[in-house]
Every structure is written in structure tokens, then in C-alpha cells.
Amino acid sequence: MHAAEKKVRAFVRVKPTAHFAQDVIKFGPDNKSIDIYIKKDAKKGVVNNKQTDWSFKLDGVLHNTSQELTYETVAKKLVSEALTGYNGTIMCYGQTGAGKTYTMTGATAEYKHRGIIPRAVQQVFKAIACSVDSFITVRISYLEIYNETLCDLLSTMTSSGASDVQMAVVDCPQGVYVKGLSIHSVSGEEDALNLLFEGETNRVIAEHSLNKNSSRSHCIFTIYIESRVRVLSDIRCINSKINLIDLAGSERLSKTGSEGRVLKEAAYINRSLSFLEQIIIALADPKREHIPFRQSKLTHVLKDSLGGKCNTVLVANICGEALHVEETLSSLRFATRMKWITTEPVVNVTYDSEGTVKTLEKEISLLKQELAMHDSLVNRSLVTYGPLTDVQVAEIKSQIHEYLQGNIDEIDITNFRQVQEVFRQFKLIVRQQEGEVETRLRSKYVLIDKNDFATIAAAQKLGIVDVDHHLLKRQDVETKPTPVSPNPDEKKKKFGTSSEQFKKEGTKNFFSGKDLAAHLPSKSQVIIPNKNLDVKEKARNEDTAKNDAQPSKPVSEEISQRPSSPPSRAVAFEQFKEECGSEINRIFKENKSILLARRKRSSTVARRINIIKQEMEDIKKALEAQRQERSQQGEYVDEKGRLIIDEKEFLLIMKLKDLKEEYRCSYAELQDLKAEIQYCQHLVDRCRNKLISEFEIWYSESFLIPTHVQNALKPSGNIRPGMIPINRVMCLKGMQRVLKLIIDRFFLSY
Ligand code: ADP
Ligand code: MG
């Protein structure tokens, strides 16, 4: 989330003094500029070419401003933005005694004199108290940089006391951090202020015991805010930190007269502050690619807290006395340079998957333990639950192959992954078969998509199909249902007969109009002895006479005599319709013929209605003509004043009445027919589906089921004849669906 480009904000805070140099420091009317006037040194008596007047434009001049208003102006917005995920840095710069510490920490004597740090802490905890949906944690660290040495002002708060770890500034992808710096969780405002107090105390102690000059060290108080909000199933995690920096005194330490430690300190402070200044200049230059953050500890620590993606505010603390005007000028220059830096604050947001993953992992491991326990209780200790290996997948594939071939009865279920793989493999096979069937059909037939109305219209024009998409020749070749012969040889012969018939009749099934010889299994043709044909034909005819409603012969007997390679489905389907499926086929045909009859009647009635309508229109016109003629010739009325009309007109009126009645009746009939047609269509569809599904079962039973299943199907076996093992049916359901889809999609009509 990118906020609009911002500039670093810079304020100047003037320390109240009894000797405020009114002639030297002047404030602009809008309190956003400050002008410095230096009188020419008359004593020097020489022409001074140096500039004597300066004007600085800033974001605000804090003169005689309370701690509260200072906080409101300088820090409040930055802290509230930190609570929404933006990093923020507030820095106090200025000469020693100008009020940096007063501004940042404040005076401890009075509550109202507390500075930015305690007020920021208060704002953060107030916000936490108000937030209902997020879980916010606050941590604090307090770092001092003295003579290029990092010092943890809160190390005494850790259980081990002062840390032995050599502290170092470390760069990492998430930003820069100080290795070895203790970061303390705080539960509330009091807790945090306690840490601040602890740090200040440590600083003072060090000042005395180590002979340090606190004004020569930089102090960074950091508030780390981590806010977690549940957004649906994710946890939105916002991280931010507020750096509150009290810099070392910026005064130029006079090298003359300084020696030893003081000289060293002066050198370090001047160096780190001048490096800070260089960084500020570099950051303000958009063309600068390399920013030398690592030059000093201070600049390195502040690498991701100055400008860039961070809200940055500078407070230049100045003294109002004329004596300090040079330092004041220097501080104001620094502040103005800071203002050149542009920033693009960014929300530090992450979606915590780590926590979620950890929770899930824990849950999985628990479930695995639970499964292992369950398996050991039911003696399934060898089952594994990891992802399937290639070898396992290959094994499942071969099992399915065997299963479809009929070589095995069942596929043992071992675990859920295996079940899923089995289904996946079945899906692949079904897809493959669908493709094969379509390819085979396309290689032999011109298939017309049912929704391709243009092609259908063309076919109708050519007389290939009728308005209902039926093949026209179909009506001519209705065959009588043929009962099943009890003789196995009979069946073989019927194969032959059926296919012969097929060849002759051509258009009678959905593979109509084409020679189906190619679909006939060669073996079934070859094995039919011709001499048998006549004998069996005779027997069949005899059977037909007496056995119209005879139930199908037990499948087991048929199976034992089945040809070694199954006939094509097209041929078998014809056979099925004559044998086992004859009853369904009969009902199907009956429904179909009723449907056709109703459709025919419906179109007759519709035509008649149109004729009636036309006749009625004609009569109306004729009557109108009569009326006009009558009015032109003069109207006759009887003694009662009734209009007398001639016979022609009378007959027309009577005819119109009759037509009206006929129209009403015909319309009512048409409505009834429409309802009946809809119902019949439904019946026909159902019959067609039933015929196909029964055929599929019959086909599998008759030609595909292996010998040991046949035995089970025998009357003495445990499976009722005509039934199919449930797993087989499940497998066939897929095939059935495929077949139906193909038929529905490609055939104009069955
Ligand atoms: P620095 O930290 O910049 O060296 P201090 O914050 O220690 O300077 O200020 C020096 C003295 O001036 C302190 O006694 C402080 O209370 C006082 N002082 C500084 N600024 C203000 C102010 N705005 N109002 C009142 N007193 C101040
Ligand atoms: Mg100070």
C-alpha cells in the first residue's frame, strides 16, 4: 500500500529564555518561518561580505509552546499512523542545553512537562484499549550510541543482567536491527514508562561511573507495535516501530583546549553528526543511488528510519539567545535540509501463514497418531498415509485394468488417497473411451449436432430427417419383438439373422443408413453354421407364436455359450431389442408412436386453426362489405324497428358463429395435445434411457463378465440372475453415461 509522496516534516522549537534576542530571531506571521539577522560587526571596521540575513521555512515554529501542543503538532499524527503500520521517526537536533531531552523525554518533576516519549506511549496504549478486533503487542528498546559504541540502556532489565553479547548493527531483508539489543514486551503504559525511567537512570549512572557526558551520546527509544487482526481465515499482521531519537549536542566542540578523551568525543560526535548531515543531503538527492549509511553507527542504525518508507519528523531545538546564533543557524540549516527529503511511507503488513501452517502441522501430526492407533487396533498397521509413490500409482492403474478386464472382482480399499487415485484413473479411462467412440463414429458417419439448426434444416430440406429430427425411413421398418430362444444355438443363429436383417433394413437403429458389417465381430459370423440357420429359424418362429411374453432366459446359460469375442454394441443392441429388451423396446415404440400420433394430430389441429382464423377473417370482410352495401342502398327495418338483412348476410353470420365455436374447440384441443405431447416426450425419453441402461447391463452380463462371476450368476449362485454385482454396475454407470451423452449429442433421433 503506497501512500502519497511526503516530505520529511521539520519544526523548530525555541527554548524559552529571559534573554531572547528579539533583534536577531524573528518569526514569520504564519509561524512557519524564522528569520535570523546578524548585525555587522562594526568593531571590525572592515567590509563584511558575508550574508547577514537568513530566512528558514519550516513546518512550524514552536515558540512558547507547551509540551502538550508540541506533542500534538509534532508527534500525534505520526504515532497514530504507526498504529496502522507505518514506521515513524522523530528526531531532536540541536546544541546541548537547547531542549532536546526536554522535548523528547520531558521533565520528570511535573506530569504536564512530560515529553514526546511518555505521551507517545500513552497514545499507543489508549489506542490499544479502544481497539476491539485486533490483538496488539508493544515492545520497547532503548539504545545509546556513545563514541561509536552501542549500549543497551535496558540490559539491566534482562534476567542475566548486562548482556555479554557484542552488540552490532545488522542488515537483513526485513530492515536493519541491532544484534544484542534487548527488546522488552510491555503490558501497559506504566510498564513502558518504567522502562524509560530505567533507561534514563542507567544513563545517569553511566554518566557518573564511566565519566560520560550524556549530551555527547545519541539515544534511541523505540516502540515496536505488532497488531494482529483476523481477516476471514487469515491473520493480518501489522508491524511498525516508532524511533524517538535524542541526538547528541550538535555544537561544534572547540578542538583547541580539548585533549585526550574530550578531543576523542568531540571527534566522534562531530563525525557522526556530519555523517548524518551527509546522509540527509544524499537522501534529498533523487539521483543519488548509494547512501552511505554504514559510515557511522548512528546512520547505520537509522538506515530504515530516515526518509524512505518511513514518516520522519525533525525538531530543531534552538536557544533564543544571541550568543548561540551560530549554533542556531547551523541547526536551522540542518532542519531545512531535512525538509528536502521525500518519503513514501508504506504499511508493513504481512499475512501470517506461519502461525497457520504451524497449527495445521500440529493437527496433522495429531491425526496421524490417532490413525496409527486406530490402525493398530484393527490390525492395519502396514497402511501408510503419505502421498502415493509412482510405483503405487502404477499398481492402482494395473489393478483397474485387471478389474475392467474382469480378471479381478474387487479393488481393495486401503486408504483415502488410493480411493481418489482409483476414481482419477476411472475418469481417465472414461475420457479415453469417449474419445475413441466419437472417433469411431466420426470415421463412419456424418454426425449432426442437435443444436446445429442450420445443418438440421438442410437435412430436412433434403428429406433425410423429418421436422422432429427423425430419420424418415425409420417408420417403414418396425420389427416385431422376438422372444428369447431357450436354445443356445438359437442365439448364435439369431446373431446371424439379426445382422443379416440389419444389413437389409439399414436405417432401423441409431447407426442407421449405413452398412454395419464392419461392426460385426468376425468370429460370430464365422461360427454360425448355415445349415443351422434354417432349423433354428423354424424353431424361433414356433417360439414366437406361443412365447410373446416369455421372460428372458437365465443369463448364465447364455453366457456359457457366448462367442469368444463380444459382438459390436450396434449388433448386440439389435439383438437385445429382439430378446431381453423386447418388452422395454415394445413400450418404447408404443410411447413413441403415441407421441408421433399426437404430434401429427397437433399439427393438423394447428393447421385447421389457422384455416379457421383465415376463414373468419374472410367472413368478417364479406360482412363488412355487405353492411356497407346495405347502408348505401338504404336499410330495411321491420315493424318493431329491427334491421332486416338478406339471406346471404344471415348465412355469413351463421357461418362465422360456427367457425368461432370450432375455433374455440380446436384451440382447446391444441392445448390438451400440447400437454399430452410433453408428457409423451417425457415417457419416450425415459424409455430410451431405460432401454440403453438395460442394454448395457445385458451386454456386460452376456459378453464381458468372467467365468467365475458367471458361476455366481447361475441359479444356484448367490447372485440373482439378471442382476449385476454392485461394483460392476457402478463401473458401467460411467460407460452408460458416456454412451447416452454421445447419443444425445450427436444423433438426431433414435
Ligand atoms: P538538551 O537535552 O538539548 O541538552 P535539555 O532538554 O536538557 O537540553 O534542556 C536543558 C534545560 O532547559 C533543562 O533544564 C530543561 O528543563 C530546560 N528546557 C529546555 N527546553 C525547555 C522548554 N521548552 N521549556 C522549559 N524548559 C526547557
Ligand atoms: Mg539532553
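1. Arg 569 has a relative accessibility of 27% and counts as partly exposed. In this predicted model, its side chain meets that of Glu 696 in a salt bridge, 2.6 Å from N to O. Arg 569 lies in helix α17 (residues 569-578) and Glu 696 in helix α19 (residues 647-704), so the bridge ties together parts that are 127 residues apart in sequence. Glu 696, at 1% relative accessibility, counts as buried.

2. Helix α19 also carries Glu 669, whose partner Arg 601 sits in helix α18 (residues 582-633), 68 residues apart. The side chains of Glu 669 and Arg 601 form a salt bridge at 2.6 Å, N to O. Glu 669 is partly exposed at 28% relative accessibility, and Arg 601 is partly exposed at 38%.

3. A network of salt bridges links Arg 608, Glu 615, Lys 655 and Glu 662. The structure holds 25 salt bridges.

4. One of these joins Asp 59 to Lys 339, with the closest N and O atoms 3.1 Å apart. Asp 59 is in the loop between β5 (53-57) and β6 (60-63), while Lys 339 is in helix α8 (residues 325-340), 280 residues apart. Asp 59 is partly exposed, at 24% relative accessibility.

5. Helices α1 (residues 67-74) and α4 (residues 116-130) cross at roughly 65 degrees, their axes coming within 10 Å. The crossing is right-handed. Gln 67, Glu 68, Tyr 71 and Val 74 of α1 meet Ile 116, Arg 119, Ala 120 and Gln 123 of α4. Four of the contact residues are nonpolar, two polar and two charged.

6. Overall, the protein chain has 21 helices and 19 strands. Of its 750 residues, 43% count as buried.

How values were computed: Residues are numbered from 1 along each chain as its sequence is written. Chains are lettered from A and ligands numbered from 1 in the order in which they are written. This is a predicted model: local features need pLDDT of at least 70, side-chain atom pairs count only at pLDDT 80 or more; totals for chains, interfaces and linings use all residues. Side-chain values use heavy atoms; hydrogens and water are left out. Helices (H or I, at least four residues) and strands (E, at least two) are DSSP runs, numbered from the N terminus. Buried means under 20% relative accessible area, exposed over 50%, partly exposed in between (1.4 Å probe, protein chains only). Axes are lines fitted to C-alpha atoms, for helices over the stretch in contact, and angles run from 0 to 180 degrees between N-to-C directions. A crossing is left-handed if the near helix is turned anticlockwise from the far one by less than a right angle, and right-handed if clockwise. Contact means heavy atoms within 4.5 Å. Ala, Val, Leu, Ile, Met, Phe, Trp, Tyr, Cys and Pro count as nonpolar, Asp, Glu, Lys and Arg as charged, and the others, Gly among them, as polar. A salt bridge is a side-chain nitrogen of Lys or Arg within 4 Å of a carboxyl oxygen of Asp or Glu.
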